[in-house]
Amino acid sequence: MSIGADRKTSQAIVVLISGTGSNLQAIVEAAAREQWSERLGAEVVAVISNRPHAPGLQFARAAGLNTQVLDHRSFASREAFDEALRQAIDLHRPTWVVLAGFMRILTPEFVRHYQGRLVNIHPSLLPAFPGLNTHRRALEAGCTVAGATVHWVTADLDHGPILAQAVVPILPDDTEHTLAQRVLSQEHRIYPQAIRSLLERRGSD
Ligand code: GRF
């Protein structure tokens, strides 16, 4: 980890959420704890949600972060929403765009625009179980392990190159909820770690 003198933000991170924002919180707390701003010139410069009442917005506001709502229901098409979202994101001149519980399928044009700086976390051991209801599907399939994956976002949903994974056991009495909690706690560990690795790599360029 390169330790620079006080540096203005040279790695702007924009985080997109739709819901709880627990991954956003884990990232923001890691950034403060590990001094990403001072050490890597990196900070979360904006949090954008497609849902006006996303609980994650409350955390972001309380943390003093710049927040914005872009309600996808206000747009006539996926393309129109993605274009407005791109404009909102680009105002912050992001080095990285981090999807953190962002529950929208993005258009290929949007993904292409952020290719190489757009990452996501998915609650399964990709390439197993892309899409939704991953824990229920793992339980129904009789899997003995589950986990989470941090990956580059490409036009092929949940199929981008993998950056990090965490494995958890599936226990005999697991429910979808107990498994989801076990996976989520690992998400909160590997997502900040994976992002910091990207920051360090860029910071040492
Ligand atoms: C997490 O399981 C994440 O993997 C998925 O959305 C869920 C909620 O994330 N993409 P968060 O609590 O809103 O960060």
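Glutamate 83 forms a salt bridge with arginine 86, with 2.7 Å between the closest N and O atoms; a salt bridge is a side-chain nitrogen of Lys or Arg within 4 Å of a carboxyl oxygen of Asp or Glu. The model is predicted, so local features need pLDDT of at least 70 and side-chain atom pairs count only at pLDDT 80 or more, while totals for chains, interfaces and linings use all residues. Residues are numbered from 1 along each chain as its sequence is written, and side-chain values use heavy atoms, leaving out hydrogens and water.

Both partners lie in helix α4, 3 residues apart, about one turn of the helix. Helices (H or I, at least four residues) and strands (E, at least two) are DSSP runs, numbered from the N terminus. Glutamate 83 is partly exposed, with a relative accessible area of 34%. Buried means under 20% relative accessible area, exposed over 50%, and partly exposed in between (1.4 Å probe, protein chains only).

In α4, Phe81, Asp82, Ala84, Leu85, Ala88 and Ile89 are buried. They sit on the same side of α4, because they cover an arc of only 165° around the axis, taken from the directions from the helix axis to the C-beta atoms.

In soluble globular proteins, nonpolar side chains tend to be buried together. Here the largest nonpolar core has 40 residues; such a core is a set of buried Ala, Val, Leu, Ile, Met, Phe, Trp, Tyr and Cys residues joined through side-chain atoms within 4.5 Å. Its largest share, 8 residues, comes from helix α7 (residues 176–203).

Helix α7 also holds arginine 196, which pairs with glutamate 34 in a salt bridge at 3.2 Å between the closest N and O atoms.
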